[in-house]
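Hi everyone, thanks for coming. Let me put the protein up on the screen, and then we'll walk through a few spots together.

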Amino acid sequence: MKDDIVDLRSDTLSRPTPAMLQAMAQAETGDDCFGEDKTVHALEEHVAGLFGKEAALLMPTGTMSNQVALRVLVDRGNEVICDASHHINFFEAAQTADFSGVSLNPVQTQDGVLDVATIQSSIETRARWSHSYAVPKLVWHENTVNGRGGRVVPLATLQQVRDWTAQQGLATYMDGARVWNASVASGVSLAQYGQTATALSVCFAKGLGAPMGSALVGSRDVITQARRWRKWYGGGLHQSGVVAAAALYALRHHLPLLADDHENARHFALGLMDTGCVDVVVPETNIALFDISRLGIEPGRFVSMADWLGVKLLAWRGQVIRAVFCLNTTRKQTLNATTRIASLIERIAARGGVAGAAAAEGAAANWAGVSTP
Ligand SMILES: *Cc1c(COP(=O)(O)O)cnc(C)c1O
């Protein structure tokens, strides 16, 4: 049992399957900087088609995709409205300032969803003191919202924001690293999501299980400009057909499997909720967040105890712990992880706070055969 480690830290830990590796080995490649990689072309056309857009561009990472999109969609000195929890602010604020020279206006929302009223209130003083401010040029969505437990942004909200931004002359963007999960969970098609944004970024290396790769999707004009910035940023790829083949394989074979990940995340979250000792966000997709404030122990300590029990979790922020489900984790492993973590929580809670933690820590360490620090 001790070998049966369930790693729930991130869906980027998903590994390429033997069948995916075989598809990669068989990929026809060419130098994409010469525009000669047929597999890359096939992927870009396929992804553009899925979202009902004219063109797409294979990117090494989602971060580069976001940063290149900013270069194309926003001139220096202007402003992007996002939520404070969004990847662009939480993990990329410095890069954004450094590379693009744009200003983020990170709004604090409960759920990471930007609706028209929230956007309007974030810029309400602009008309009065217009020359004191950056000019808002882009509204940034993230779908699903990672920092809010993989929340799906409602289609109606996206449509209302698109209509409002169109009237105001702003562009809209969707960081759709997990838009696949949003689509599977909500039944909203990728093409419907595509219609709500000027451009989108998608990741193949999260729950879809490709070893790497993202794509920026948009109009032919946006993608032509993006191709230049990608090269500037060092993201011009050569025999990248191997990466494209993995992404194509993932889209064909792994997309429908995301529903299993959602069920697993839900099972785990409900199991923890049943303890009555932690605060749980019931997941809409593959990310379970739970708050351990009431246990009265440090998140780092909780995570290391879970680690000894063979379940790897991520301390997110504050007292919140994250568990992410992807094709790495079977139903059986999910049941196992749920039992282990729920009983860890109960054990800590039963003795109350620090004393409970010490007792649970001793038991977990004993079980794992390690000595406590
Ligand atoms: C993972 C992620 C990214 C960045 O992807 P990388 O490929 O790791 O650079 C961007 N946005 C969101 C919401 C993500 O979850």
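Let's start with a quick one: which residue in β13 does L314 stand opposite? It's R322. Before we go on, this is a predicted model: local features need pLDDT of at least 70, side-chain atom pairs count only at pLDDT 80 or more, and totals for chains, interfaces and linings use all residues. Residues are numbered from 1 along each chain as its sequence is written, and side-chain values use heavy atoms, with hydrogens and water left out.

β12 and β13 (residues 320-324) are antiparallel, with 2 bridges. By the way, strands are DSSP runs of E, at least two residues, and helices are runs of H or I, at least four, numbered from the N terminus. Two strands pair if DSSP finds at least two bridges between them. Zooming out, there's an open antiparallel sheet of 4 strands, in the order β9-β10-β13-β12. Its edge strands are β9 (279-281) and β12 (314-315), and each of them pairs on one side only.

Now over to β3, residues 79-83. Is it buried or exposed? Mostly covered: 5 of its 5 residues are buried. Buried means under 20% relative accessible area, exposed is over 50%, and partly exposed is in between, using a 1.4 Å probe and protein chains only. In a regular strand, side chains alternate between the two faces of the sheet. In β3, E79, I81 and D83 are on one side, V80 and C82 on the other, and both faces are covered. As for neighbours, β3 runs parallel to β4 (residues 103-107) with 5 bridges, where I81 has N105 as its bridge partner. β3 is also parallel to β5 (residues 136-142), through 3 bridges, and there V80 partners L138.

Last stop, salt bridges: a side-chain nitrogen of Lys or Arg within 4 Å of a carboxyl oxygen of Asp or Glu. How many are there in the whole structure? The search finds 9. One of them joins E28 and K38, at 3.4 Å from N to O. That pair links distant parts of the chain, 10 residues apart: E28 is in the loop between α1 (18-25) and α2 (38-50), and K38 is in helix α2. Why do we call K38 exposed? Because its relative accessible area is 55%. E28 has 46%, so E28 counts as partly exposed. There's also D307 with K312, at 3.2 Å from N to O.
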